[in-house]
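User: I would like a close look at a single part of this model, namely the place where its two chains meet. Please set out the answer as one connected account.

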Amino acid sequence: MAKIGFQLNGEEISLDCEVDEILLDVLREKLGLTGVKEGCGQGECGACTVIMDGVAVNSCLVLMNQVAGCEVTTIEGVKQNGKESAVQKAFVEEGAVQCGYCTPGMVLSAEALLDKNPNPDEKEIRTAIAGNLCRCTGYSKIVAGIQKAVQIRQKERNDDI
Amino acid sequence: MTYKWIGKKVNRIDAPGKVSGEAKYMTDISFPDMYWGKIVRAEVAHARIIEIDVSAVEAYPGVRCVVTAKDVPGVNGYGMAIYDQPVFAQEKIRFYGEPIAGIVAETKAIAEEAAKQIRVTYEELPVVHDMLQAMKDDAVPVHEEGNVLFHRHFVNGDVAASFEEADLIVEEEYQTSTQTPSYLELEGGVGIYENGQLTMYCASQHPDMDRKQLCDILALPKEKIRVVGYPVGGAFGGKVDLTVQAQIGVMAYKARGKVKVINSREESFSSCWKRHAMHIRMKTAVRKDGTLLANQVTFIADTGAYAGLGEPVVNLSLEHACGAYRVPNVILDAYAIYTNNSISSAMRGFGVPQANFAMESQMELIARKLDMDPLDLRLLNGIKTGDKAILGHTLRLAMGTIDTLEKITEVPLWADKEQFKCTDNKWKRRGVGIATSIQGAGLGRGLKDDAQADIRLLEDGRFNLCVGTPDLGQGNLTAFVQIAAEQLGCDVACLNVLCADTQCTPDSGATVASRTVYGVGNAIVSAVDTFKGRAIELAAEVCQTDSDRIHIGPAGLIVGDKSYSYCEIADMATKQGISLDSRGTFSFPEADIEIEGAIGLPHLLYSAVSHVALVEVDVLTGEVDVLEVACIPDTGRVINLQGLEAQVEGGTVMGMGYATMENTILKDGKVITDNFNTYLIPTALDCPKIDTYPVEVLEKSGPFEAKGIGECVGNSITSAVINGIYDAVGARITSLPADMERVLEAMEKDSEGGESCE
């Protein structure tokens, strides 16, 4: 058992856990963050995606000792002051959600992409979510959602200026 | 007629909770005093059980209890049609991954560790893995009664005479693969058995049917069982049969507490309900003008170890054996065969995708042999309202086949196909394929197909709309709200939806068979009408006026020149001591004839879809890339265009995966493609641009003239892709999927080389 400190959704936390515990299990079972989903347990489906130090990762492949000192964002940390992010708004507006099980991971992959590349083309969007499987949508409306989020983000930036 | 909500853009009501991660799926539910359960599964596909030794596990620290077949309080069997599947294997094991025992422990880790201590002594039996061999009289039996679960033979007209008369006979054999539904949410949930009552939280397509089976398994009356089945992280037919509810139920019962179980993906792929692999023989007689005269078809379906819905699935193949065409003479045979190849049952399309692949392949061969345009051939034979279907029933309701086919001529992908087929890459060839499909909606004749819905006015003037049918992701709840709001004349925001909880929602039937928008939608219309009548009656009494002076306004009732908000109406009802809760019911209309002994045949209501696919084949590797797709659905009146497009896009991609990549590979009965690294489904990079061109062939009996669509959108795309490959390189694919090996092999066999565009 070790004490592992990291930043989770903007707050510093410190947890007693085994160093080889899996981040996904800790988030869901110890911290009750069930927005993080498990779909395959081996990094194939992307349902468990979280953002770790700016990179979208499969939390089912991350051990707790890798998390020490990192910044982790889960879907629960995406809303800011109770307001939906541009990606979340756009997903609702564009009908990018069906059963919704892939949605948290999909949103986080999109957030990570847009934080790095504010104006991606369609190929870049599809590549960024290629590790997030969705069985319901055929991806078209998810891609459209991310494209819409680009516009919303741009507008929000312009409004800020 | 102009509508306020029907056909208008309304965002999905469940989307905000899903994008924020707040939506609690059944596998997200936990309790502080909860045990974890682990299902111990067979590691052989066919064996006689000699002994299951659980002694080491019962004493294992942290284990609450162990359950096996002998702990099932009621019937150790379940199934949608017959109870042939044990909750826990008894005497025999019939598939790899079959539940043998359940461990209930304080933690997940203890349950998993303890599971390894169970000792099962088997006498292995030969694995029955080939359905054609399994049909033979001397085959090793999977069940004592023999391996032919079901056979139906059907004859209409004079097939022999038609084969005499025919100018062309096309005969071919087809083989389809086992498709895995691959919903993202793994099977699981929480069962609670406390104070003699069971509560089951587990994703479901029909909580009332789950409850019925749990009542028999646990020997409890239905008042003692509550099933909650929504939200659902995808199902596609695979959660209409029980998944793990039976095992969780027995574990919770013995543990006298709360037990949570979640399958791993490997457990899921080994033990989930899949699409039947089928062997299909088809012999089609045609006149030289292209008129279809007769079809002789045999379907042999691998239903795996247990029946599931094997019989109705092959019945549906039989009903759709000639696709969307008029064929006056048929001889049809359909078999469902037991093997040790996992288990197959309902999956989106329910036996129709297999039939459609064969028939639409035949149509392409016929067009080529008669040198006819493939679209003209389909238009010539396409079925219309008033025609007799192949089973002999009259198609009384709206049939959109011709409308969807005619629309193809306007679709750029077809109209300018030569342009689309050009490529500069000398190793690639492009082709454009078309196909069309119909799909019966509802359960079919002879199966009670009723839907109920409740509308309840709340104190604050808002409404609860209560339906038993869960939204599996297709968006039916949003359509229901639009239907209710339109009929009520109120704002969509005034409606809450309660769904799929046997404690507070009526039995609306199952979310299956493209039946909910039509069937439950109609029940909602009826519930709202009843509510309006009661509210007016109440207001007439309270206001001492004639009911014809009372009208329904957008937010309440208008009585003469005075208006009463729904809040005031609710108050009025409370003071008068009456309830305005209203139930609507609807029964599916049935076809005019019955097929003797057949369950669920024929249908009366059909949706129709056509697909056009632009396909690129790499002539060096055989790799197929689907570049663009046009889909033309007829779903009657479109309730929610975005929702329809979403169904089209998702169904199209699922059918494309079936065409090009999805294949459950079994070795000695063991699923070896047991995760997403080996069982491939399309990713965002594999998917084409998809355009949707709805044609609205209005169906008067539907709610606002709408029909369902969820299944039909996934059928004809598979054949359109296969026909596109034929157009590109002249190779006929007769076995699914068209993976690189198969395409190369077919190209070597019958390639015409294709033309490059230089």
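How much area is buried between chain B and chain A, and what share of that area do carbon and sulfur atoms give?

Analyst: The model is a predicted one, and the values below are computed from it. The area buried between chain B and chain A comes to about 3,900 Å², and carbon and sulfur atoms give 54% of that area. On the side of chain B, the residues that lose the most area to chain A are B:Val19, B:Leu184 and B:Ala684, which together account for 18% of what that side buries. In terms of contacts, 56 residues of chain B touch 44 residues of chain A.

The polar part of the interface can be described next. Between chain B and chain A there are 30 residue pairs in polar contact, counting pairs in which both residues have pLDDT 80 or more. Three helices of chain B, namely H1 (15–19), H8 (265–271) and H18 (641–660), each supply at least two residues of the side that touches chain A. Helix H18 of chain B gives the most to that side, with 8 residues. Sorted by class, the side of chain B that touches chain A is made up of 25 nonpolar, 18 polar and 13 charged residues.

The charged residues lead on to the salt bridges. One salt bridge between the chains joins the side chains of B:Glu645 and A:Lys141, with an N to O distance of 2.7 Å. Another is formed by the side chains of B:Lys9 and A:Glu93, at 3.5 Å from N to O. In this second pair, B:Lys9 belongs to the segment before H1 of chain B, and A:Glu93 belongs to helix H3 (residues 86–94) of chain A.

The structure holds 6 cavities of 30 Å³ or more, and the largest cavity contains about 120 Å³ of space. It is lined by 16 residues, of which B:Tyr78, B:Leu242, B:Thr243, B:Ser271 and B:Ile343 are the closest to its centre. The lining of the largest cavity divides into 9 nonpolar, 5 polar and 2 charged residues. The second largest cavity holds about 90 Å³, and its lining includes B:Glu319, B:Cys322, B:Tyr325, B:His393 and B:Tyr606. By class, the lining of this second largest cavity has 8 nonpolar, 2 polar and 1 charged.

The peptide bond between B:Tyr230 and B:Pro231 is cis, with omega about 5°, and B:Pro231 sits in the loop between strand S11 (225–228) and helix H7 (245–255) of chain B. Another cis peptide bond runs from B:Leu601 to B:Pro602, where omega is near -20°; B:Pro602 is in the loop between strand S25 (582–587) and strand S26 (606–618) of chain B. Although B:Phe350 is not a glycine, its phi is positive, at about 50°. B:Phe350 is placed in the loop between strand S17 (343–344) and helix H10 (352–370) of chain B.

Technical notes:
Residues numbered from 1 in each chain as written. Chains lettered and ligands numbered in written order. Predicted model: local features only at pLDDT ≥ 70, side-chain atom pairs only at ≥ 80, totals over all residues. Heavy atoms only, no water. Contact = heavy atoms within 4.5 Å. Buried area = accessible area lost by both parts, 1.4 Å probe. Salt bridge = Lys/Arg side-chain N within 4 Å of Asp/Glu carboxyl O. Polar contact = N/O pair within 3.5 Å; in protein donor to acceptor, adjacent residues only side chain to side chain. Helix = DSSP H or I, 4+ residues; strand = E, 2+ residues; numbered from the N terminus. Nonpolar A, V, L, I, M, F, W, Y, C, P; charged D, E, K, R; others polar. 1 Å grid on protein atoms, 1.4 Å probe; cavity = no way out; pocket = protein on both sides within 12 Å on 5 of 7 lines; lining within 4 Å. Points joined across faces, edges and corners; volume = space filled by probe spheres on them.
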